[in-house]
Amino acid sequence: MKINNKFRLIITQNLSSKINSNIDKALFKAFKNDSFPILRLYSWEDCITFGAGQSIDDYKQLQSDYKNNVSKRLTGGGVLFHGHDISYTILLNPNTIENRDVKETYFLLCQFLIKFYENLGLKPHFAKDNENIILSKSPFCQVGFEAYDIIIDGKKIGGNAQKRAKNCILQHGSIPLFTKEDNEVFGSSLESFGVNLSFEEAKNSLIKAFEDTFNVEFINDSLNEEEINILKRLEEEN
């Protein structure tokens, strides 16, 4: 599958929940028919994101525990804990992948994650291909199983979600690098499988896996003026 071979590469580190969520929203809102596709890699402060359909007020104790460093993603799903993970966001025009449907798009875009894990000596596969896993929903992202969640040794690692518009598909997800707490709501991490990577090492490995999988060329970049202006408006609204 030929994806547009030039991608903007945007790297940001250790941002708050609201800023990271709002950057994704700004990139999505600013994306046009002729925009270059984007790969963004980033990290978080110790914080939480909630799915678009969740009510943050249902989790007052968590808000308090995390000093209100919380936000809503523009995608669905459940509560996701951050600060021990590396996250990615991909934005591209649906036309560049032949207007694939949601399932086909997950399968395609997750191939670089499969490659990333394989390069680490792990054996990843999709939840839908594991007969021992029952697909299920949960208020906590790492507890439920979606069809295209990635499974290693029978355990889910990370998660992925999509938001779609006529001219843009946004897919984002997170990979826990180390074990934050021995609790199922935090899920498994690379450390759980004997792999120890820093953010920098994980970032470089994800870039290489993306390049190898999709044969793309990266343009190192940051948010442009329009994206920054949208981001400022979103921050004012919050």
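Predicted model: local features only at pLDDT ≥ 70, side-chain atom pairs only at ≥ 80, totals over all residues.
Trainee: What makes the radius of gyration agree with that of a compact globule?
Mentor: The rule takes 2.2 Å times the number of residues to the power 0.38, and for 238 residues a compact globule would therefore have a radius of gyration near 18 Å. The protein has 17 Å, which agrees with that expectation. As for its extent, the C-alpha atoms fill a box of roughly 45 × 40 × 30 Å along the principal axes.

Trainee: What secondary structure does the protein have, and what share of its residues is buried?
Mentor: The protein has six helices and 12 strands, and buried residues make up 53% of its 238 residues. Among contacts between residues at least 6 apart in sequence, 73% join residues at least 24 apart.

Trainee: How do you know that the length of helix H1 is close to what is expected?
Mentor: Helix H1 runs over residues 17-30 and so has 14 residues; the expected span is 1.5 Å times one less than that number of residues. H1 reaches 20 Å from its first C-alpha to its last, which is close to the 20 Å expected.

Trainee: Why is H1 called mostly covered?
Mentor: A residue is called buried when its relative accessible area is under 20%, and 10 of the 14 residues of H1 are buried.

Trainee: Why is phenylalanine 36 called partly exposed?
Mentor: Phenylalanine 36 has a relative accessible area of 42%, and because the partly exposed class lies between the buried limit of 20% and the exposed limit of 50%, phenylalanine 36 is counted as partly exposed. This residue lies in the loop between H1 and strand S2, where it touches Lys6, Arg8, Phe31 and Ile219, not counting residues up to four places away in sequence.

Trainee: Where does phenylalanine 36 lie relative to leucine 113?
Mentor: Phenylalanine 36 and leucine 113 are 77 residues apart in sequence and 21 Å apart in space, C-alpha to C-alpha. Leucine 113 is one of the buried residues of helix H4, which also include Phe112, Ile114, Phe116 and Tyr117. Just after H4, glycine 121 takes a positive phi of about 85°.

How values were computed. Residues numbered from 1 in each chain as written. Heavy atoms only, no water. Helix = DSSP H or I, 4+ residues; strand = E, 2+ residues; numbered from the N terminus. Buried < 20%, exposed > 50% of the residue type's maximum accessible area, 1.4 Å probe, protein only. Contact = heavy atoms within 4.5 Å.
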